[in-house]
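The account below is meant to be read beside the sequence and the coordinates.

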Amino acid sequence: MANIFSISFNLASCLLVISSIFNQGADCLQRFDKQPVYSEVNPGEDIKLDCKIFNKKGSCSWQKDNKPVGIYLKKYEWAGSESDGDCSLWVRAATLEFDDGEWECQVTASDFTTQDALTSTPIRLVVRVAPQRPRIEFRSAQLLPGHNVTARAGERAAVKCVSRYGNPPARIKWFVGDEDVTSASRQSDAPETDNPKTAAAASLLEILLDKDRHGQTLRCVALHESYPTKSLGVEARLDVTYPPEVRLIGAPVGDLEEGQPVVLRCVTDANPPASVVWRRAGRTDIASLEESLQFRPVTRRDSATYTCQAKNTLGASEPITVYLDVKYPPQIKSVGKDRLTTATLFSEVAFECDADANPTPTFQWLQRVGSDAVLVRSRESRLVIANATYEHQGEYVCRVTNVIAGQERPVQSEAITIQVVGAPQVVREEMEVVAARGSDATLRMVVCADPRPNTASWEWGSLQLKAGEGIGKYQAEELKQEGREDCYEARLYVREVEPSDSRSYFLLVKNERGIDKHWVRLVVRGSYTEPISMMTLVSAASGCLLVFILCVLCAVYCVRTEKCCFSRRGDFKPTDLESEKSDIDSMTGRKTPRIEASVLHGQHNGPGEAMYCSTPTRRLAPPHPHPHLITGGGSGSPEAMKNHHQQQLLHHQQLQQQLHSQYELQNHFPRRASGGAGGGRSSSKKRHRERDRERERAPKDTNVFAELQVPSVSNNGSTMSMSVSGSLPHRMNYYNKSFTTPLGLGPNPGTYFTPYPSQQLTFRPPPVHNQEETTRRSNSSMQLRASHHYQPHSFDKAEI
């Protein structure tokens with residue numbers, strides 16, 4: 001590790017020595033410390049051209065336009081100590097002719113072997129010359145003062161700005177109004193042909209003109225240091241031409257009412273200026289050639305549509321229209337020729353209200369009733385009374401109304417009068433008068449007639465009472481004038497009314513044109529049962545309906561409860577018998593009988609009744625000691641048949657006793673009614689426990705179905721059997737409640753009862769007188785019919 005560090009240190013030392021030697025060699029050469037730069041000077045002013053050399057060994061000199069320049073007092077002088085490497089030069093009283101050009105600073109080599117001579121980069125010394133004032137040219141012509149740049153809207157205008165004889169060339173900028181648009185221009189400089197020391201600056205501007213540019217100022221500005229203000233500019237006005245456009249001023253807002261002044265102005269926007277024409281729709285003449293159309297004041301006759309249009313050399317504007325809708329309140333022209341109209345009763349009367357208004361008015365025909373009351377008879381301009389009655393007579397006015405500026409403008413016509421003449425007419429107003437028993441009652445009716453009624457009387461029952469007369473507690477007043485014209489009031493006073501006064505009272509009125517009669521009813525309280533109010537009836541009906549619904553719900557509940565009780569009763573039902581049979585079989589260890597396959601296939605050798613026994617043990621047991629056999633030939637005598645039937649009767653009596661014992665066992669179960677919805681489940685469990693205890697106490701070998709047999713008849717040899725079509729049932733476990741007598745316990749021996757009396761299977765042996773008769777009858781056929789409760793299919797005819 002120490003050796004490696006020592007080698008590295010020695011290498012660094014060597015590199016440092018080499019670098020020092022190289023720098024010392026480089027420092028021995030001369031080089032520029034500062035070179036001259038581009039400079040501008042005004043005529044007659046001095047300017048210094050800087051040039052400094054580092055490690056200067058040679059001689060300094062200057063060149064202008066590749067020509068050596070000597071050192072002359074008060075023209076070209078050294079600006080510093082040449083021995084210190086400062087080769088800067090003063091140019092005194094600069095002139096365009098002698099001093100404007102390209103200058104270079106040069107230094108000769110240190111010696112002829114070093115070759116380190118220096119020459120600076122040529123730089124430009126510009127002796128400024130102020131350019132001429134700029135000018136604007138458009139379409140190759142100079143714009144004179146007061147002239148404009150004229151172009152049509154939508155065109156691109158090419159405008160040039162020229163500044164000549166400047167050194168250096170002027171820098172040109174463009175402005176439209178206050179907007180600098182120089183970026184849209186291109187400037188080019190070129191020496192003047194007659195004075196190459198100066199140049200001409202030209203800037204071309206292309207601008208898109210629209211009507212918004214119209215009237216704006218286009219300004220060209222030349223920037224130069226020789227200008228006293230550093231810049232000079234020239235201006236021109238943009239004159240953009242376009243066809244006219246118009247807009248309307250002074251159009252009415254809201255409702256324009258007659259009598260107001262109206263001034264419509266058609267303001268145009270066009271270059272060159274346009275002429276304006278006002279026209280009225282529907283007419284060919286010109287309404288006005290002025291910009292303004294005036295109405296002072298406006299009248300209803302001025303209501304129309306007006307059109308304004310402007311034209312200039314470039315075209316015409318779109319027409320603009322305005323509609324003057326002059327509003328005015330209604331004016332009634334006529335309501336009829338006569339102010340008084342006489343109409344016959346029940347005839348037709350009509351009036352027409354002719355009015356002029358804008359907007360369209362509403363109409364009302366009003367009848368004055370009394371001094372203050374008013375009755376609206378019609379809301380149309382025409383009033384038609386189909387059947388004029390006395391209630392229609394009186395004064396009528398036509399009221400016409402419209403709305404202007406949110407305010408109603410009503411007007412009313414003069415009054416016209418309708419006079420009705422004819423027979424009397426009793427006004428049908430109050431049809432019933434109610435009075436308390438013992439109080440006084442006043443029956444009032446109004447009758448209208450023209451001429452006045454000459455006779456008025458009250459009638460009820462067989463009595464008649466003229467106006468102004470009285471009888472007993474009844475008093476009829478004379479007709480009195482009512483508030484309405486030609487109408488009169490008739491009154492009948494009844495003092496201390498009684499129930500017997502409750503009736504209809506008729507008023508009979510006559511005049512020279514006719515007669516009229518009408519009634520008013522007097523109702524005395526207490527004379528009849530007060531009617532039941534509708535609210536009472538509705539309440540009673542609702543109560544009855546609620547009670548009915550509750551009764552129905554209770555009945556449904558009771559039926560359901562009773563149905564549950566019936567399912568647990570001890571009645572001798574087929575389902576109960578089946579259930580008990582199954583319970584006893586389960587207690588004794590027996591199974592439900594089934595027909596063995598050997599029986600179904602004809603391989604059973606036992607007696608026929610074994611096929612229908614209750615248990616398998618019964619089917620497999622030896623033949624019954626008293627089989628139901630019928631023998632043919634010499635072996636079957638009447639005495640034998642009699643003994644056979646006696647034995648059969650004894651056997652079935654025993655079976656009946658067993659059935660009655662089972663029936664008594666069923667009746668030992670108590671009947672309980674359901675105590676309610678809440679206790680049904682507990683009472684059911686209790687009954688099932690009692691029922692199980694009764695079953696345990698029952699005899700273990702009790703089987704009420706063990707002795708049930710169906711006779712089998714053989715016909716092989718001397719024994720005849722009964723053939724069965726179809727398959728045998730698997731179980732004999734279907735019973736009906738109507739089964740009350742065991743098989744064979746009918747009124748006659750050998751009679752087998754089915755659940756229905758019409759389906760009894762009768763096997764009654766006929767009386768036998770001799771052997772031949774027995775043989776003959778044995779060979780005859782007997783048709784056996786069996787109930788489907790014991791045999792699901794059917795027995796065919798058994799041949800005996």
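Predicted model: local features only at pLDDT ≥ 70, side-chain atom pairs only at ≥ 80, totals over all residues.

Residues are numbered from 1 along each chain as its sequence is written, and side-chain values use heavy atoms, with hydrogens and water left out.

The protein has nine helices and 55 strands, where helices (H or I, at least four residues) and strands (E, at least two) are DSSP runs numbered from the N terminus. Of its 800 residues, 37% count as buried; buried means under 20% relative accessible area, exposed means over 50%, and partly exposed lies in between, with a 1.4 Å probe and protein chains only. Among contacts (heavy atoms within 4.5 Å) with a separation of 6 or more, residues 24 or more positions apart account for 64%. The accessible surface comes to about 46000 Å², of which 52% belongs to carbon and sulfur atoms; such areas come from the Shrake-Rupley method with a 1.4 Å probe, and for residues only the protein chains shown count as cover.

How many disulfides does the protein have? Taking a disulfide as a pair of cysteine sulfur atoms within 2.5 Å, the count comes to six. With bonded cysteines counted along the chain, their pattern is 1-4, 2-3, 5-6, 7-8, 9-10, 11-12.

One of these disulfides joins Cys60 and Cys87, with the sulfur atoms 1.6 Å apart. The pair links distant parts of the chain, since Cys60 is in strand β5 (residues 60-64) and Cys87 in the loop between β7 (76-78) and β8 (89-91), 27 residues apart. Both Cys60 and Cys87 are buried.

A further disulfide is formed by Cys161 and Cys220, whose sulfur atoms are 1.6 Å apart. It links Cys161 in strand β15 (residues 156-166) to Cys220 in strand β20 (residues 217-223), distant parts of the chain that are 59 residues apart. The torsion about the S-S bond of Cys161 and Cys220 is about -80°, so this disulfide is left-handed. Cys161 is buried at a relative accessible area of 0%, and Cys220 counts as buried at 0% relative accessibility.

Cys353 and Cys398 also form a disulfide, with their sulfur atoms 2.1 Å apart. Cys353 lies in the loop between β32 (349-352) and β33 (354-358) and Cys398 in strand β37 (residues 394-404), so the pair ties together parts that are 45 residues apart in sequence. With -95° about the S-S bond, the link of Cys353 and Cys398 is left-handed. Cys353 counts as buried at 2% relative accessibility, and Cys398 counts as buried at 0%.

Finally, Val552 lies in helix α3 (residues 534-566) and counts as partly exposed at 37% relative accessibility. Val552 is one of the residues of a nonpolar surface patch of about 740 Å², which also includes Leu545, Phe548 and Val556.

Conventions:
Patch = residues over 30% accessible without salt bridge, like charges linked within 9 Å, V, L, I, M, F, W, Y side chains within 5 Å. Salt bridge = Lys/Arg side-chain N within 4 Å of Asp/Glu carboxyl O.
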